[in-house]
Amino acid sequence: MTTSQRKRVLTYILLAVLAAVPPVAAYMILGGGGKEKHAFSHMAGHNQRQLQRVLDHYSRDAADSLKLQAAKFLIDNMTYHFGVPQTLTDLYGNEVEFDFSPFPVGDFRRLC
């Protein structure tokens, strides 16, 4: 590929990216069709009903509007946080009871 062909391809790529930015930005600024719909897009199974109950609870009273916003924020960002079952096993694969709660995440020095 010659230098002029590379420049032409890069120009087309740049124009495509620049053409896509305004609609995406407008979608994000205008809320993308409703925050409620986005917040529940990742929920599955039994959690959806419980999380809807939280939103319903804080929607009843106007004095709880800040709590409602906080609940929406937390629900919207739940997908980025998760827990891992914490179990220890011995050499034979038997589960060993151990209380992990006094140990902050990643604090393995206290175990040694």
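Asp56 lies in helix H3. The model is predicted. Asp56 is partly exposed, at a relative accessible area of 37%, and its C-alpha atom is 8.8 Å from that of Leu68, a residue twelve positions away along the chain. Leu68 in turn belongs to the largest nonpolar core.

**Fold and totals**

- The chain contains four helices and two strands, and their order along the sequence is α-α-α-α-β-β.
- The chain has 112 residues, and 11% of them count as buried.
- The chain has an accessible surface of about 10,000 Å². Carbon and sulfur atoms hold 62% of that surface.

**Nonpolar core**

- The largest nonpolar core has five residues: Leu51, Leu55, Leu68, Ala71 and Ile75.
- Two elements each give two or more residues to this core, namely helix H3 (46-59) and helix H4 (65-76).
- H4 contributes the most, with three residues.
- In soluble globular proteins, nonpolar side chains tend to be buried together.

**Salt bridge**

- The structure has one salt bridge, and the partners are Asp64 and Lys67.
- The closest N and O atoms of Asp64 and Lys67 are 3.9 Å apart. The pair counts as a salt bridge because the cut-off is a side-chain nitrogen within 4 Å of a carboxyl oxygen.
- Asp64 has a relative accessibility of 15% and therefore counts as buried, the limit for that class being under 20%.
- Lys67, at 47% relative accessibility, counts as partly exposed.
- Side chains of opposite charge can pair when their charged atoms come close.

**Nonpolar surface patch**

- A nonpolar patch on the surface is formed by Met1, Val9, Leu10, Ile13, Val17 and Val21.
- Together these residues present about 580 Å² of accessible area.
- Val21 is a member of this patch and sits in helix H1, which covers residues 3-29.
- The relative accessible area of Val21 is 47%, so this residue is partly exposed.

Definitions and conventions: Residues numbered from 1 in each chain as written. Predicted model: local features only at pLDDT ≥ 70, side-chain atom pairs only at ≥ 80, totals over all residues. Heavy atoms only, no water. Buried < 20%, exposed > 50% of the residue type's maximum accessible area, 1.4 Å probe, protein only. Areas by Shrake-Rupley, 256 points an atom, 1.4 Å probe, with all protein chains shown as cover. Patch = residues over 30% accessible without salt bridge, like charges linked within 9 Å, V, L, I, M, F, W, Y side chains within 5 Å. Core = buried A, V, L, I, M, F, W, Y, C linked by side-chain atoms within 4.5 Å.
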